[in-house]
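This briefing goes through a protein model topic by topic. Keep the sequence and the structure in view while reading.

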Amino acid sequence: MRTDELLALFREKERTALHGNINQITSVLNARLKIFLSYKIWMLVELLNSVVSIAVYYFFGVMVESEKLEAAGYGTSYLSFALIGIASQTFLWTCVARIAFVLRVELQEGTFEALNATRLKIHNFLFGQSLSGFILSMWFFTSAMLSGIFVLSASLTLTPETIITSIIIIILMILAHIGIGFIAAGGVLILKRGDPIVAVFAVLTQFLSGVLFPLEVLPPELEAVAKALPFTYALRSLRFALLTERPISDPTIIHDIIFCGIFAIALIPLGIWFFGKAHNYAKTRGTTGHY
Amino acid sequence: MKAAILTQGLTKRFPQKVKGKKEATRGKKNMKTVVDRITIEVPNGQFLGLLGPNGAGKTTLTKMLVTLLLPDEGTALVNGYDILKEPAKVRGNIGHLHGETGGRSLYWRLSGRDNLKLFATLQEVPKEIAKKRIEAMISYFELEKIIDREVRKYSTGEKVRTMLARTLIHNPPILILDEPTIGLDAATAVETRKFFTILNRELGKTIVFTSHVMSEVEELCERIAIMDKGIILADTDPHSLSALVKEQQKILIHILNMVDKKALIKYLEDIEGVKEVVLAVERSPITEVSVVVEDELKALPILASKLGEAGYKVTSIEVEEPTLEEAFIKLTTKKRE
Ligand SMILES: Nc1ncnc2c1ncn2[C@@H]1O[C@H](COP(=O)(O)OP(=O)(O)OP(=O)(O)O)[C@@H](O)[C@H]1O
Ligand SMILES: [Mg+2]
């Protein structure tokens with residue numbers, strides 16, 4: 001192409017500009033998914049990981065007595081019980097740890113600074129990343145559940161109603177944790193690391209909230225801690241819906257949904273506010289770059 | 001007409017690492033002023049060179065203009081928008097290219113095309129216009145063969161060209177080019193610089209171009225701000241800069257197997273037009289002498305023949321340009337006079 005042709009293009013006056021948060025969010029989301037899909041081997045390993053861990057728990061897990069499960073109201077199949085727990089923890093990781101992880105990589109590589117030199121609003125960065133996390137974890141969750149059902153013949157009560165209830169619970173599970181993820185990402189901006197803290201939080205939640213055993217088997221002090229974690233409630237309701245076909249109008253499920261909703265309403269604005277502060281701090285310190 | 005860039009007392013301090021303490025603290029004492037109350041106006045359409053040695057504060061100053069860094073004091077208007085009050089508008093009016101990142105600021109896992117599309121959207125370029133511009137730039141920068149490959153497979157030159165396309169995607173009136181030709185081979189660097197000149201002349205883009213190479217800035221810029229230790233030492237133009245450089249030219253002579261150095265100095269000093277003779281480093285068997293003269297081009301042949309007559313084995317004799325640091329010293333002393 002000749003220089004004058006290129007210049008002619010830049011001389012044209014633009015009448016309209018492409019506005020809107022949706023465009024920004026979807027382009028961040030789109031880029032992130034493409035990057036993720038470019039790690040083909042890693043994606044396969046990740047998927048195998050969840051399937052294998054379900055199988056492992058299946059063989060060791062049969063030892064948890066079914067009376068204890070039944071007493072807690074989760075039916076009698078430990079396999080199905082553990083399957084839901086293991087499959088759901090992918091949401092915990094994507095909500096709490098993923099944005100922080102992605103941000104660290106972007107800080108190291110210098111792409112975060114490049115984004116910061118555009119009109120991108122910083123909360124749209126957070127929303128786009130969250131959405132990509134949501135899509136990815138939905139994919140892992142579904143594949144883990146399907147392999148549990150078809151490979152290990154876990155028995156779940158899958159009716160249109162329980163599926164809709166589950167989706168609602170999952171969305172609230174995500175919303176309740178995403179604010180913590182924003183705060184963790186802000187921590188990364190300030191400390192330039194922070195993954196250990198995030199990891200500890202996620203592991204603790206995973207352990208306490210009953211991924212592998214009903215809460216009732218925990219010592220009372222730990223049970224009290226567990227009862228402050230939103231994941232505990234989301235997981236409980238998800239199990240009630242998928243194991244014993246409780247409807248969305250069930251008082252326990254309604255209680256749990258409201259509990260998660262309160263967390264979401266409190267933590268998401270707090271997370272966005274904190275991330276904004278952290279972003280300004282990094283811009284003061286000059287640490288948004290890759291040094 | 002409003003200025004493209006107008007800074008007012010722009011200041012940036014960074015915490016300094018203190019001995020014995022692991023983390024830098026933000027106490028007043030431990031702060032190092034990297035950009036020190038800089039006030040400068042860049043009119044629309046100007047090609048400004050920001051020249052300074054490593055650590056002068058060029059990148060820090062330019063990053064504040066792009067709103068990547070918050071100033072500690074002062075502010076700036078970019079195309080009329082305040083960097084503190086309307087940072088998003090400021091960013092939309094600037095194309096920023098930071099050569100030092102060496103293409104790291106692109107997403108390496110995405111193709112060049114996906115990178116360009118992403119940044120076009122983030123810079124709010126309407127879809128059809130973005131598409132046209134991307135195609136045009138792919139063709140202009142000869143990226144057709146690689147544009148759909150992942151950026152991590154690009155050569156440095158290809159990355160820089162892709163970054164350059166990204167810098168222009170939203171057709172910003174102001175370009176901030178922070179050592180944009182770093183890592184490019186000589187021929188490509190020349191081409192790229194030519195392109196900047198075209199952007200400035202033909203499209204009237206205001207350009208701030210940082211560099212620590214005098215000749216580069218001299219060639220390109222109509223105005224040159226020389227920066228060191230956070231302040232602008234001189235605000236000058238290429239002619240004055242080259243006059244200053246000429247003033248400090250020296251003749252550098254290499255002589256083989258020298259025995260009596262004092263005799264050599266005496267001999268040189270007595271030649272007409274010689275102002276000063278300095279014995280420089282000695283790398284046996286070569287002795288290096290630098291000679292300050294009134295007029296280099298006149299003195300060069302005289303020195304060469306006189307040294308030959310006296311039987312000195314001259315291996316090389318040439319005019320030496322002053323280094324940036326030497327030019328700075330001259331400038332600072334001039335300022336004090
Ligand atoms: N984020 C930061 N934290 C602390 N010090 C910093 C930071 N960024 C830059 N500095 C310091 O500020 C000074 C100026 O740096 P700057 O990068 O602006 O210089 P420069 O003129 O661009 O140099 P170069 O030619 O090497 O690119 C340097 O001493 C550098 O170490
Ligand atoms: Mg620099």
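In chain B, residues 24 or more positions apart account for 70% of the contacts with a separation of 6 or more. The model is predicted.

**Chain B as a whole**

- Chain B contains 11 helices and 15 strands.
- Of its 337 residues, 54% count as buried.
- Taken along the principal axes, the C-alpha atoms of chain B fill a box of roughly 75 × 50 × 50 Å.
- Chain B is divided into domain 1, residues 5-243, and domain 2, residues 247-320.
- The centres of these two domains of chain B, taken over C-alpha atoms, are separated by 43 Å.

**The six-stranded sheet of chain B**

- Strands of a sheet pair through backbone hydrogen bonds, in either the parallel or the antiparallel sense.
- In chain B, an open sheet of 6 strands has the order β7-β8-β9-β4-β10-β11, and its pairing is mixed.
- β7 (94-98) and β11 (231-236) of chain B stand at the edges with a single partner strand each, so one side of each has no neighbour in the sheet.
- From one strand to the next, the twist averages 15°.
- β7(B) pairs with β8(B) in the parallel sense over 5 bridges, and B:H96 stands opposite B:I176 in β8(B).

- Is strand β9 of chain B largely enclosed or left open, and why? 6 of the 6 residues of this strand, residues 206-211, are buried, so the rest of the structure largely encloses it.
- In a regular strand the side chains alternate between the two faces of the sheet.
- Both faces of β9(B) are covered: on one side B:T206, B:V208 and B:T210 are buried, and on the other B:I207, B:F209 and B:S211 are buried.
- β4 of chain B (residues 47-51) is joined to β9(B) by 5 bridges, and the two strands run parallel.
- Within this pairing, B:G49 stands opposite B:F209.
- β8 of chain B (residues 174-178) also pairs with β9(B) in the parallel sense, over 5 bridges.
- Here B:I176 stands opposite B:V208 in β9(B).
- Between β8(B) and β9(B) the chain passes through helix α6 of chain B (residues 186-203), and this β-α-β crossover is right-handed.

**Nonpolar cores**

- The largest nonpolar core has 73 residues, and those with the most contacts inside it are A:I84, A:L103, A:M145, A:L189 and A:L238.
- Several helices of chain A each supply at least two residues of this core, among them α2 (21-38), α7 (122-150), α8 (160-191) and α12 (251-285).
- Leaving aside neighbours within four places in sequence, A:L189 is in contact with A:L103, A:L107, A:F112, A:F275, A:A278, A:H279, A:A282 and A:T287.
- A second, separate core has 48 residues, including A:L6, B:L106, B:I134 and B:I146.

- Most residues other than glycine have a negative phi.
- B:R37 is not a glycine, yet its phi is positive, near 45°.
- B:R37 lies in strand β2 of chain B, residues 31-38, and is exposed, with a relative accessible area of 58%.
- B:N171 is not a glycine either, and its phi is positive at about 50°.
- B:N171 is found in the loop between α5 (156-168) and β8 of chain B.
- Is B:N171 buried or exposed? Its relative accessible area is 15%, so B:N171 is buried, the cut-off for buried being under 20%.

**A loop residue in chain A**

- A:T159 is placed in the loop between α7 and α8 of chain A.
- A:T159 counts as partly exposed, at 24% relative accessibility.
- A:T159 and A:T205 are 46 residues apart in sequence, and their C-alpha atoms are 29 Å apart in space.

Terms used: Residues numbered from 1 in each chain as written. Chains lettered and ligands numbered in written order. Predicted model: local features only at pLDDT ≥ 70, side-chain atom pairs only at ≥ 80, totals over all residues. Heavy atoms only, no water. Domains from an automatic or database assignment. Core = buried A, V, L, I, M, F, W, Y, C linked by side-chain atoms within 4.5 Å. Buried < 20%, exposed > 50% of the residue type's maximum accessible area, 1.4 Å probe, protein only. Helix = DSSP H or I, 4+ residues; strand = E, 2+ residues; numbered from the N terminus. Contact = heavy atoms within 4.5 Å. Pairing = 2+ DSSP bridges. Right-handed = clockwise from strand over helix to strand, strands pointing away. Axes fitted to C-alpha atoms, helices over the stretch in contact; angles between N-to-C directions.
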